[in-house]
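Let's walk through this protein together, starting with its aromatic rings and then stepping back to the chain as a whole.

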Amino acid sequence: MAAWVPCPRWSWAAVSFGRHRGLSASLTLKSPRTWWLPACRQKVSLSFLKRPDLPSLAYKRLKGKSPGVIFIPGYRSNMNGKKALAVEEFCKSLGHAFIRFDYSGVGSSDGNLAECTVGKWRKDVLSIIDDIAEGPQILVGSSLGGWLMLHAAIARPEKVVALIGIATAVDGLVTPFRSLPVEVQKDIEMKGYWTLASKYIEEGFYNIPYNFIKEAEHHCLLHSPIPVACPVRLIHGMKDDLVPWHTSLQVADRLVSPDVDVILRKHGDHRLKEKADIHLLVCTIDDLIDKLSTVVT
């Protein structure tokens, strides 16, 4: 039975799935540890992960305490987004390890974006976990990154100790594509791409390759229980026009973990990068670090 906990001061509500103390209880008792976004940022050097027969991945890494935090960006997004930088500063203020990176074909990484797929980006995430990250990790996934963080938790349960999804786009593109009339789907197949309007990029639309959508079908998770047992927090804006907020409720229902919270931002959009959204995100990270500190060394 889900427990709905309204929090009017924050304009969000938490839905708790399972028997645990929960984020909503924690946040009503404390504020996050002191942190800030300095006017003059200390630079973190850009590095590259060389992989045989695979594109090199650009990443930036802070060394520090465990658990570490890895930020997994959204579709075609790079490592320099506002949320990724804010989480980096927060981890730096606590002395915890942090990694942000670019998918192959995106940002400073090698590769051809036109050839990228969900499966290839899944391999990118696992490469970062296997070859760069040290010790237990909290994964923070934004949009499509939220889908990939679940795959990473399934593939590396010994290393992934908690998840935070932001507008988690599980089965993203596949579900809305399948809801289109058959004749529209056939037209997209003939053209080779699906044009989707978006206010979040300069062009005003994405041309999603048809092959990207079809390959993504092999990675869908909502058709069966999701075998992730670690703590999971899912933050979603109720004004999200790309990924409906009830997607996070579906994910929560499918997860086998007994420790799952869904946090809804009443006025939040898809990107959730306003000051209050960022504050909620770092509070959520802080809460999980506290929770894990009794079992993680």
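Tyr75, Phe101, Tyr103, Trp121, Tyr206 and Phe212 come together in one aromatic cluster. Keep in mind that this is a predicted model, where local features need pLDDT of at least 70 and side-chain atom pairs count only at pLDDT 80 or more, while totals for chains, interfaces and linings use all residues. Residues are numbered from 1 along each chain as its sequence is written, and side-chain values use heavy atoms, with hydrogens and water left out.

A pair of aromatic rings is described by the distance of the centres and the angle of the planes. Rings of Phe, Tyr and Trp (its six-membered ring) pair if their centres lie within 6.5 Å; planes under 30 degrees apart are stacked, over 60 edge-to-face, and the rest tilted. Searching the whole structure turns up eight aromatic pairs. Take Tyr75 and Tyr206: their ring centres are 5.5 Å apart and their planes sit at 75 degrees, so this pair is edge-to-face. It ties together distant parts of the chain, 131 residues apart, with Tyr75 in the loop between strand S5 (65-72) and helix H2 (82-94), and Tyr206 in strand S10 (residues 205-209). Helices here (H or I, at least four residues) and strands (E, at least two) are DSSP runs, numbered from the N terminus.

Are these two tyrosines, Tyr75 and Tyr206, buried or exposed? Tyr75 is buried, at 13% relative accessible area, and Tyr206 is buried too, at 15%; buried means under 20%, exposed over 50% and partly exposed in between, using a 1.4 Å probe and protein chains only. Phe101 and Tyr103 make another edge-to-face pair, because their centres are 5.7 Å apart and their planes lie at 90 degrees. Both of these residues, Phe101 and Tyr103, are buried.

Now step back to the whole chain. It has nine helices and 12 strands, and buried residues make up 55% of its 297 residues. Among contacts (heavy atoms within 4.5 Å) with a separation of 6 or more, 73% are between residues 24 or more positions apart.

The largest cavity holds about 50 Å³ of space, a volume being the space filled by probe spheres set on the points, which are joined across faces, edges and corners. Its lining (residues with an atom within 4 Å of a point) includes Lys83, Arg265 and Asp277. Helix H9 (residues 275-292) gives the largest share of that lining, three residues.

Methods
1 Å grid on protein atoms, 1.4 Å probe; cavity = no way out; pocket = protein on both sides within 12 Å on 5 of 7 lines; lining within 4 Å.
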